[in-house]
Amino acid sequence: MISRNLASVKSQLPSAVQLVAVSKFHPVERLMEAYQAGQRVFAESRPQELAAKVPQMPSDVQWHFIGHLQTNKLKLVLPYVSLVQSVDSFHLLEAISKWARTNGKAVDVLLELHLGAEESKQGFTEEEILSVCHSERIEESIRIRGLMGMASNTEDEARIDTEFSRIEALFHLIRGTGLPFFDQLSIGMSGDWPLAVRHSATMVRIGTDIFGPREY
């Protein structure tokens, strides 16, 4: 099932777009099915779950973190991930920078734009992201690789299209300034990733279309 699902998604996905398998809430056995089918990039949203899964998976897996990250949980995430997709505040950015300096490691991050209408969603405004990207205070320990966004939970494709257009415009604006390392746009999930691809996504975060419904 999982191998067929992966093959189906990859057959439709442009080769330049990275597939990030959202494995949160799924057991390691199902992740291994995806791994054996060729998938190497997985994403988790809970620090404890990530830290528990890492030693159970092969060492060549690349882990992304896509959930709200509390600063007191950095040690459960940063040693293991190749990308933190969900940096949603100045406070978190500063905490990651401090951890990176202390541990002698450069951390790749995406800045999360608050896209959807839901008040509960985290993220920066466009103005805040521009401020961060143009700041001379950006530490060498932090590499801002691009932007991440999550569209509103709606079946209204026109609304999703508008939201993806917003983040796409901001992505190209910042990329046009020549900011070093800035080349990634993470938008699109199981319900809307084809639309995200049309809006310059360089990676899509797909869970349900690969693993099926969450098991817990």
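The model is predicted, and local features were taken at pLDDT of at least 70, side-chain atom pairs at pLDDT 80 or more, and totals for chains, interfaces and linings from all residues. Numbering starts from 1 along each chain as its sequence is written, and side-chain values use heavy atoms, with hydrogens and water left out.

Helices (H or I, at least four residues) and strands (E, at least two) are DSSP runs, numbered from the N terminus. Strands count as paired if DSSP finds at least two bridges between them. Strand 1 (residues 18–22) pairs with strand 2 (residues 41–44) in the parallel sense, over two bridges. V22 has A43 of strand 2 as its bridge partner. Strand 2 also pairs with strand 3 (residues 62–65), again in the parallel sense, over four bridges. Here V41 is bridged to Q62 of strand 3. From strand 2 the chain passes through helix 3 (residues 47–53) to strand 3, in a right-handed β-α-β crossover. Right-handed means that, with the strands pointing away from the viewer, the path from the first strand over the helix to the second runs clockwise. Strand 1, helix 2 (residues 28–36) and strand 2 likewise form a right-handed β-α-β unit.

Burial was assigned by relative accessible area: buried under 20%, exposed over 50%, partly exposed in between (1.4 Å probe, protein chains only). Strand 2 is covered on both faces. V41 and A43 are buried on one side, F42 and E44 on the other.

Helix 2 has two contrasting faces. Its buried residues are V28, R30, L31, A34 and Y35. The face turned away carries the exposed residues E29 and Q36. The buried residues pack against helix 1 (2–12), strand 2, helix 3, strand 3 and helix 9 (208–211); contact means heavy atoms within 4.5 Å. Just after helix 2, G38 adopts a positive phi of about 110°.

Strand 6 (residues 142–149) is mostly covered, with seven of its eight residues buried. It runs parallel to strand 5 (residues 107–113), joined by seven bridges. D108 is bridged to R143 of strand 6. Three bridges join strand 6 to strand 7 (residues 184–186), also in parallel. In this pair G146 stands opposite Q184. Strand 6, helix 7 (residues 157–175) and strand 7 make a right-handed β-α-β unit.

A nonpolar core is a set of buried Ala, Val, Leu, Ile, Met, Phe, Trp, Tyr and Cys residues joined through side-chain atoms within 4.5 Å. The largest nonpolar core holds 62 residues, of which F42, L111 and L147 touch the most other members. Beyond neighbours within four places in sequence, the contacts of L147 include L110, L111, I129, I167 and L170. Among the others are F171, I174, F182, Q184, L185 and S186.

T202 sits in the loop between helix 8 (193–198) and strand 8 (203–206). T202 is buried, at a relative accessible area of 15%. Not counting residues up to four places away in sequence, T202 touches A16, V17, Q18, D183, Q184 and L185. T202 and L92 lie 110 residues apart in sequence and 24 Å apart in space, C-alpha to C-alpha.

Technical notes:
Arc of directions from axis to C-beta.
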